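Biologist: Please take me through the pockets and the ring contacts of this model.

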Amino acid sequence: LERAGFQVFPFDYPSTRVDLDTAADYLHQVIESLDGIERLHVVAHSMGGVVTRTYRAKHQDERLNRLVLVGSPQKGAELADLMRGKANLVFKTIFGPAGQQLVTDSDGFLKKLPTPDIEFAVIAGGHPPNGFNPLIPGDDDGIVSLESTRLSGAADFLFVESLHLALNRNET
């Protein structure tokens, strides 16, 4: 993105120590500090896409123009479901409060998030027809199912044959 002329700033948050609302508030603080920036586009990988959607549901900075969700579990992560049922202490330690909110529960946190009210696109990874991870039904990127990345209203959807952790470095 920098080679294409965009000014890039990374956003890191303690995903294993805070919930999604707190992470969204951290993102709000960062965006508020961007003086002199007239228009923002966010490219968010994995849980970062959910954090950005949570941010947008809570805050309305008019500079935010476009959003790209890369491998984000918009409908939840089946791995979070599997871990929650097996070993609660391990689940809490590995996934933290935010990760625990990524379950596919139909009454859960993700189901209550509104669809972004700005232009957005989805990039998803997988390995047709059965994905990389046999524990996840259908195609998947090893962490997130292809189906979970889909979000109604997207301006575009791009599928890349890729593992989850390689999606943000894939130059396809």
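Biologist: Which residues lie nearest the centre of the second largest pocket?

Modeller: This is a predicted model, in which local features need pLDDT of at least 70, side-chain atom pairs count only at pLDDT 80 or more, and totals for chains, interfaces and linings use all residues. Residues are numbered from 1 along each chain as its sequence is written, and side-chain values use heavy atoms, with hydrogens and water left out. A pocket is, on a 1 Å grid over the protein atoms alone, an open set of points where a 1.4 Å probe fits, with protein on both sides within 12 Å along at least five of seven lines; lining residues have an atom within 4 Å of a point. The second largest pocket is lined by 17 residues, and nearest its centre lie Ser46, Met47, Phe95, Leu102 and Ile143.

Biologist: Which helix gives the largest share of the lining of the second largest pocket?

Modeller: Helices are DSSP runs of H or I with at least four residues, and strands are runs of E with at least two, numbered from the N terminus. At least two lining residues come from each of α3 (78-86) and α4 (88-100). The largest share, three residues, is that of α4.

Biologist: How many charged residues are in the lining of the largest pocket?

Modeller: The largest pocket holds about 1600 Å³ of space, a volume being the space filled by probe spheres set on the grid points, which are joined across faces, edges and corners. Asp, Glu, Lys and Arg count as charged; Ala, Val, Leu, Ile, Met, Phe, Trp, Tyr, Cys and Pro as nonpolar; and the others, Gly among them, as polar. Of the 42 residues in this lining, 25 are nonpolar and eight polar, and the charged ones number nine.

Biologist: Why is the pair of Phe11 and Tyr13 classed as it is?

Modeller: The structure holds one aromatic pair. Rings of Phe, Tyr and Trp (its six-membered ring) pair if their centres lie within 6.5 Å, and planes under 30 degrees apart count as stacked, over 60 as edge-to-face and the rest as tilted. The centres of Phe11 and Tyr13 are 5.5 Å apart and their planes stand at 20 degrees, so the pair is stacked.

Biologist: Is Ile136 buried or exposed?

Modeller: Ile136 is placed in the loop between β3 and α6 (146-149). Buried means under 20% relative accessible area, exposed over 50%, and partly exposed in between (1.4 Å probe, protein chains only). At 3% relative accessibility, Ile136 is buried.
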